[in-house]
Amino acid sequence: MDDEVVSVAGLHVTYRVGRAEVFAVRGVDFHLRAGECLAIVGESGSGKSTVARALVGLTGPGARLRSDRLVVSGQELSRLGDREWRRIRGAQVGLVLQDALTALDPLRTVGAEVAEAARNHGLVRRGEVARRVHRLLTDVQVPQPELRARQYPQQLSGGLRQRALIAAAMAADPPVLVADEPTTALDVTLQAKLLDLLAARKAAGTAVLLISHDLSVVALLADRVAVMRDGEFVETGCTADVLRAPEHPYTRQLLAATPSAHARGARLAGPRSTPARTRTPRPSGVLARVREVSKTFRGPGGARLAAVSEVSFSLSAGEILGVVGESGSGKSTLAHLLLGLLEPDTGTIELFGQPWSGVPEARRQRGRVQWVQQDPLGSFDPRYRVGRLIAEAGVDRARVRELLDQVGLDPAMADRHPRTLSGGQRQRVAIARALARDPEVIVCDEPVSALDVSVQAQILDLFADIRADLGTALVLISHDLAVVHHVADRVLVMRAGTVVESGPVTEVFARPTHPYTAQLIAALPRPGDAYAAHPEGVA
Amino acid sequence: MSPALRWLARKLALAVLVVLGAATVAFAALHLAPGDPVRAVIGTLAPSDDLVAQVRADLDLDKPLATQYAHMLGGLARGDLGESYQLRRPVVEVIVADLGWTVQLAVASLLLALVVSTALAVATAGRRPTLRRVSILLELVTASSPTFWVGTILLAVLSFQLHLFPAAGAGGLEGLVLPAVTQAIGLVGIFTQVLRQSMEQALDEPFALSARARGTTETALRLRHAARHALIPVLTLSGWILGALLSGAVVVETLFSRPGLGRTLVTAILGRDLPVVIGVVVVAAALFTVINLVVDLLYRVVDPRLREWAA
């Protein structure tokens with residue numbers, strides 16, 4: 001077709017690892033028309049980012065590219081030298097990366113970053129740079145563009161930063177925009193706004209290649225979807241069809257693993273392992289009482305920031321309590337208070353019927369409250385093997401093997417180093433380590449945020465199993481409402497340090513009383529929305 | 001007071017404390033060390049007791065230590081560092097005469113090293129594998145070559161054999177070349193390693209990928225983006241090295257027979273010339289704190305993330 005801006009056929013990318021050639025992409029075909037959005041969906045290691053980078057010739061050193069056709073705007077790219085590639089980059093294809101905090105140079109002003117592509121391609125004269133930046137930032141709905149252009153990326157909020165990154169990618173008006181996980185670092189409300197913005201670019205005629213691991217995000221924007229695994233497209237088709245009637249088993253598995261309203265309480269990742277048994281009888285009743293707890297930090301320049309203010313709640317034995325909120329809402333501070341890692345400024349925390357805040361460290365029974373963090377690798381001593389990490393809790397080898405089995409890992413993994421494990425395996429080790437002390441409460445701070453959706457599903461299943469078998473109470477902190485909705489019994493919705501709403505999950509989700517909760521729920525993308533967005537199944 | 005002024009006031013107060021501390025430690029160390037300054041001043045092997053007593057009284061060394069210490073502090077407060085035992089000239093005069101030479105050499109060495117290192121790092125960071133390997137080898141060799149050895153070889157070849165530069169003395173620019181090159185050679189090794197490592201780190205960041213995807217050339221990427229990131233560790237190192245060059249260039253000064261603080265200090269220590277030693281220590285401490293202050297300010301120029309005036 002003649003309005004095809006991107007046409008790719010038989011794209012192979014290999015990387016040289018030592019002496020071996022490793023395939024990252026094997027034989028991918030796609031095309032993209034002006035004003036159209038194709039989404040490539042896959043998990044980490046599927047090769048989706050490599051495809052994105054192939055379009056700007058930045059697959060990195062050691063990569064070998066082979067293709068039957070790699071055409072952008074009528075130009076064959078596969079034989080280009082570096083100088084010719086530079087004329088494509090920015091001018092024909094704009095690239096938006098995941099996290100604007102790292103994808104924009106922290107030492108340069110937002111304006112300088114936004115202007116760079118236009119200046120590289122000689123599209124703007126020196127005196128007109130400011131006006132161009134102003135217009136670009138206005139296009140992506142950044143308020144106060146003059147001020148923002150003079151600021152540095154870290155002075156902008158996450159949402160504004162990501163828009164500035166899009167403005168920087170669009171600075172030379174490329175007909176193709178490649179967005180690699182553009183919303184992954186954002187909260188649901190910001191994610192929804194950013195997707196609107198990309199939809200506006202699409203409507204203005206830009207061809208958008210969206211790379212994502214999240215089918216629910218894709219559903220809101222893409223006309224067509226390609227599901228990628230191990231360097232190949234296993235299924236392609238129009239978004240509504242793929243999401244409504246997936247043909248390939250892998251697509252079905254991905255869809256099933258996405259926690260959503262209808263799947264609440266159901267297993268996400270298939271049948272379970274052998275049930276574990278409780279080692280000590282569990283107490284019943286209330287385990288933790290948090291009364292009007294506040295914590296204020298002093299920011300740079302002496303500004304005071306109330307991270308948590310007047311928060312009260314209780315946690316019962318065997319309960320899963322979800323805490324949701326956007327970044328900066330005070331969720332993690334609340335976790336640190338509950339773990340006794342921070343002392344509240346005012347208010348009290350009682351655990352197991354005894355005071356927990358304001359008591360000497362020696363009187364705290366830390367073994368009864370355990371912690372699982374977002375990135376377990378950072379919480380592991382890199383020199384320790386898995387077995388030793390768990391045995392640190394004071395258990396013998398037999399118990400270590402039992403614990404590994406309990407979290408669904410091969411007991412032989414005790415001899416591995418944590419860095420040789422996958423993200424999901426590491427998180428299981430962190431959970432096994434927490435379980436080693438036979439705790440009554442585990443505080444999990446964003447435990448699945450860094451994981452692929454199918455691995456996330458397995459970990460969520462594991463949490464449900466632990467509660468069912470061991471009666472352990474869980475505090476599950478997440479920015480992802482779908483995750484909390486899936487496993488939690490009760491939920492606290494936090495905003496700017498205060499709890500704006502709390503109650504049983506089903507009730508809060510069905511009938512939110514606070515407008516903020518309603519807004520969060522409304523912003524939540526669901527794979528089913530594809531049907532609503534494309535009722536006729538537009539191709 | 002604005003936060004910036006308060007920050008500056010605090011840093012200056014700390015600087016005064018540092019200078020005071022350095023003077024006190026030097027005073028204590030010199031009086032604890034064996035050897036009698038009086039006999040060193042007289043110089044003859046067996047001076048008469050009368051002479052020793054008279055010189056001791058002349059130099060105020062017969063007074064109790066506390067009085068001597070108070071005397072020194074009083075002098076410091078007035079900006080008076082006393083009089084050299086050996087040279088019979090005010091210490092301030094001695095140091096001022098040397099300082100120009102020392103600063104000239106230190107700044108020349110540092111600038112030369114920075115320019116060469118930046119060029120090497122920009123050329124080799126993350127590209128040109130062969131050149132990069134050669135550069136790494138050279139850096140290793142230069143960074144681990146002792147200054148006196150490098151200096152001797154340069155002297156032997158460029159001065160004695162080829163007569164390109166004067167072998168000794170401090171006259172004009174030609175006199176500066178060999179000492180500055182000698183000192184810079186070792187520094188180039190260290191600076192290039194640090195610069196290249198932090199540049200390669202910056203070039204690996206997502207923002208570098210973003211910049212490449214905007215059609216930025218490799219050299220522009222290095223100069224516009226990576227160099228600034230690499231500058232921060234180099235600033236820290238430069239401050240430290242400049243301080244060391246200002247107070248410890250004794251090897252090069254001796255080798256090339258240049259006047260300078262380092263040589264004056266060594267001579268003073270050997271001759272038990274207490275006021276000169278304390279004077280040089282105080283001046284070096286003051287220079288160190290001033291350099292640190294400047295480096296602290298420069299951090300904020302380079303890195304906007306540090307533009308908070310806390311701590």
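Across the interface, 22 residues of chain B are in contact with 24 residues of chain A, two residues being in contact if their C-beta atoms, placed from the backbone, lie within 7 Å. On the side of chain B that touches chain A, α9 (206-213) and α10 (218-247) each supply at least two residues. The most comes from α9(B), with seven residues. By type, the residues on this side of chain B are nine nonpolar, six polar and seven charged; Ala, Val, Leu, Ile, Met, Phe, Trp, Tyr, Cys and Pro count as nonpolar, Asp, Glu, Lys and Arg as charged, and the others, Gly among them, as polar.

The model is predicted: local features need pLDDT of at least 70, side-chain atom pairs count only at pLDDT 80 or more, and totals for chains, interfaces and linings use all residues. Residues are numbered from 1 along each chain as its sequence is written, while chains are lettered from A and ligands numbered from 1 in the order in which they are written.

**Chain B**

Chain B has 13 helices and zero strands, where helices (H or I, at least four residues) and strands (E, at least two) are DSSP runs numbered from the N terminus. Its C-alpha atoms fill a box of roughly 85 × 60 × 30 Å along the principal axes. Of the 311 residues in chain B, 34% are buried; a residue is buried if 20 or more other C-beta atoms lie within 10 Å of its own, exposed if 12 or fewer, and partly exposed in between, with C-beta atoms placed from the backbone. Among contacts in chain B with a separation of 6 or more, 72% join residues 24 or more positions apart.

An unreviewed UniProt entry places the feature "transmembrane region" at residues 101-124, 136-164, 176-195, 230-256 and 276-299 of chain B. UniProt positions are in the numbering used here, feature names are shortened, and annotations may be inferred rather than shown by experiment. Two of these segments are set out below.

**Domains and core**

Chain A is assigned domain 1 (101-173) and domain 2 (286-529), with bounds from an automatic or database domain assignment. The C-alpha centres of these two domains of chain A lie 38 Å apart.

The largest nonpolar core has 227 residues, of which Val114(A), Ala164(A) and Val475(A) touch the most other members. Such a core is a set of buried Ala, Val, Leu, Ile, Met, Phe, Trp, Tyr and Cys residues joined through C-beta atoms within 7 Å. Helix α8 (residues 172-203) of chain B gives the most to this core, with 12 residues. At least three residues come from each of domain 1 and domain 2 of chain A. Beyond four places in sequence, Ala164(A) touches residues including Leu104(A), Val114(A) and Leu156(A).

**Local features of chain A**

In helix α15 (residues 397-406) of chain A, Val400(A), Leu403(A), Leu404(A) and Gln406(A) are buried. These buried residues line one face of α15(A), because they fall within an arc of 160° seen down its axis; the arc is that of the directions from the helix axis to the C-beta atoms. They pack against α14 (386-391) and α16 (423-436) of chain A. Just after α15(A), Gly408(A) takes a positive phi of about 80°.

Thr296(A) lies in strand β12 (residues 286-298) of chain A. Thr296(A) counts as partly exposed because it has 16 C-beta neighbours inside 10 Å. Outside four places in sequence, Thr296(A) is in contact with Arg304(A), Leu305(A), Ala306(A), Ala307(A) and Asp345(A).
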